Amino acid sequence: GSWEGLKQRVHAFCERIPPDGAVIYCSQDKGAIELARGLSVHHQPYSGHQWSYSAVDEDEIKRLHERSPIAGAHNWLNAMGALEAIQMVADDIATCARAVFDFRGAERRLQLLYEGDVTVIDDYAHHPTEIRASLEAVRDRWLAHQSRGRLIVVYQPHLYSRTEPLIKEFAEALSRADLVVLTDIYPAREEPIPGVSSFRIAELVTRPVAYIPQRHLLPRKVAAMVRPGDVVVGMGAGNIAEFPPALIDELKRAENRARHSEQESEGDTDGGRRRIRVAVIYGGDSAEREVSILSGRAVGAALKARGYEASLVDFSEALLSHGDLSAMTGKDRPDVCFLCVHGTNAEDGAVQGLLELLHLPYTGSGVQASAVAMDKQLTKQALDGAGLPVPKGLLIRSLDTAANLLTEVPSAARWVVKPNAQGSTVGLSFVRDPSGLHDAVVRAFQFGDEVLVEEWVDGIEISVPVLNDLALPAVEIVPDSGAYDFASKYTPGATNEICPARLKDAQTQLAKEYAVRAHQALRCRGCTRTDMIVTSDGIVVLEVNTLPGMTATSLVPNSAKAAGMSFEELCDWMVKDALKRAQAARA
C-alpha cells in the first residue's frame, strides 16, 4: 500500500533470520541500505566495486566477468551478491566464483536466440526499472562497439492494473531504445480498463515508435523494419515470448527471398533455391464456381511449370467445412496468392478483404477497386466521371417497383438486362421485344438484389486486357448465337474470338486508350479486362473485370498470346507484379 508499509513488512521478514544466519544486502541500493540499518540480525553488504576475498584476486574476477555470457550491470551485482552468500557456506570460493561467471543465464532473461545480420534477444522485463536495466545491458553488450546498429525493443505491457499508474515511467524507460514497437497489453487474469492502452505509452515515447495492436503481426512488421547490425529485443512477461522465434523465421524468409531474387537476376533457374510459394485461390461459392476451378487448375499447372511451388486452395470450402486457414499463416504461409475466383464473394473485394486481414499479397486489384468494378452501376458512374462513354440504363432495386420503373427504361428497340453485381454473363438476358422485358428482369433478380436494364448497343463487341498501364491487343467476340451469354462465353467453340480484333487503326488505339483510362479510373492494379462495343461512330465502355478468367477459352490469355506472351509467362508476370507491390509496401 505504501513505501513505509513495504519497509515494515520486509523488516519483519528479515528479523526472522536465526542468529547463525545473515541478511546480505546491496550497498549500492539506497532502499536496501535504509532497511539494513534497523536490523538486529547480522547483515552483510556487497557491491560491484570491491572484492575482499583472498582466495580469488580482483584481477581474476574481472577476467571472469569479461568472458561471462551474462550481460548487464544488474547481473554483475547479482553475481557479487551470490558470491557474498557462497563465501559464508563454501570452502572452495575460487571454484564457486568460476561457476558463477560461467553461468549462461535463465530463460527469457536477456536470452540470446539468434546472431546474424540482425541479433534477436528475448527478455522478461515488465516494469520500468527492469526495462531500463535490460536496455542498458543490451546496448553495452551488443552495440557498444558498433555505430550502425540500432536497439529495437518490441514491448508488450503486462496487466492493465500495472500499466495504468506507470504509463509515463514505461514511456521514459522504453525511450532508451532507438526504435520502440508496442503491442497490446497482455491481460492475464484481468478485464480491460477503459482508457488504458499501449497506445497511451506510444504517445509519450520520445524515440521513433510503432504501435502494432495485433501481436501476431509483429514478426512480419518488425522484419520489414530491421537493418543489418540491429539488435531486436522482444520484451515483456506475457505471450510476447512467441515473438522472437517467429521473428527469426521471418528473417530467414527474407533471406530466402533475397537469395531467390539474386539467383533469378543471375539467370539461375536450376530449381536449387527455395521456390516461391503460391497459393492459387480458386473455387468460391458464386455461380462461376466451376469456371473458377478450371482457371485455378490451369494457373496452378502453369506456375509449376515455371518453377513455383503452387498449391490450390478453395477458401469457401475451407471456411465452410472446418474453418481452418492455418496453412495461410505462420512461417510456411504462401509468399503470394494468385486469385482465380470469379463472381460474388470474390471479384467484389470479399476474398481480397480476407487476404488483407491475413496480410498476404495477392494478384489483381484491391478491395475498393474490386467492389466498385463488381457493381456495374457504380462502374458506369466512375467511367462517366472519367469522361468515358457508357450505355444508358436504369438500376432497379426491387421487383415490386419494377413494373412502374420499366416505363422509364431507355427508349431503345432492344435491351440488355443483368444483375448489377454478378459476373459479366451471369443472369444475362438480351431482350429484343418489350414484351420480354419484365420476364428478363424477374430472371435477373434470381441472381442478385439489384438489376440493371441498359440499351442494347449495336456494334462489334471487343475486350481489351490491361496489365497495369499496358493495353494488350483487343479481342473481337463473335458468338455463334449472336449474343455473348454464359453458355457462349464458357463453352469451347461456342464463340469465335478474333485477336487482334478487326478494327481500324484509329479504333484500335482508342479502344486501348479507353481500357487504360477505365483501369485507372477504378484504381485497379495488375490485370483487368474492359469490355466495349465499337459502333459506327465511336466506342461505348460496358464494364471492367478485375479478375478475368484464366481458362482455355478466356480472353486475356488469348490476347496475351497475340502479344507474344505465353500463358505461363502471363501467370509469371502476375505473380511478380503482386510480389513487387508487396515489396514496395514493405519498404
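Predicted model: local features only at pLDDT ≥ 70, side-chain atom pairs only at ≥ 80, totals over all residues.
**Nonpolar cores**

The largest nonpolar core comprises 27 residues, and the members that touch the most other members are Ile-131, Val-138, Val-153, Tyr-155, Leu-174, Ile-201 and Met-235. At least two residues of this core come from each of helix H6 (128–143), strand E5 (151–155), helix H8 (167–174), strand E6 (179–182), helix H9 (198–204) and strand E8 (231–235), and H6 gives the most, namely six residues. Val-153 illustrates the contacts in this region: with its neighbours within four places in sequence left aside, Val-153 is in contact with Leu-135, Leu-174, Ala-177, Leu-179, Val-180, Val-181, Val-233 and Met-235. Another core, of 25 residues, lies apart from the largest one, and its members include Tyr-282, Val-336, Leu-467 and Ala-578.

**The open sheet and its helices**

Four strands, in the order E12-E15-E13-E14, make up an open sheet with antiparallel pairing. Strand E12 (393–396) and strand E14 (429–431) are the edges, each pairing on one side only, and on average neighbouring strands of the sheet are turned by 20° against each other when direction is ignored. E12 and strand E15 (residues 451–455) run antiparallel and are joined by four bridges; across this pair, Ile-396 stands opposite Val-451 in E15.

| Helix | Strands touched | Angle |
|---|---|---|
| H16 (residues 376–385) | E12, E13 (415–419), E15 | about 50° with E15 |

**The surroundings of His-519**

His-519 is located in helix H20 (residues 505–521), and with a relative accessible area of 2% this residue is classed as buried, because that value falls under the 20% limit. Which residues provide polar partners for the side chain of His-519? One is Asn-468, whose backbone oxygen lies 3.3 Å from a polar atom of the His-519 side chain, and another is Thr-528, whose side chain makes a polar contact with that of His-519 at 2.7 Å.

How values were computed: Residues numbered from 1 in each chain as written. Heavy atoms only, no water. Buried < 20%, exposed > 50% of the residue type's maximum accessible area, 1.4 Å probe, protein only. Polar contact = N/O pair within 3.5 Å; in protein donor to acceptor, adjacent residues only side chain to side chain. Core = buried A, V, L, I, M, F, W, Y, C linked by side-chain atoms within 4.5 Å. Contact = heavy atoms within 4.5 Å. Pairing = 2+ DSSP bridges. Axes fitted to C-alpha atoms, helices over the stretch in contact; angles between N-to-C directions.
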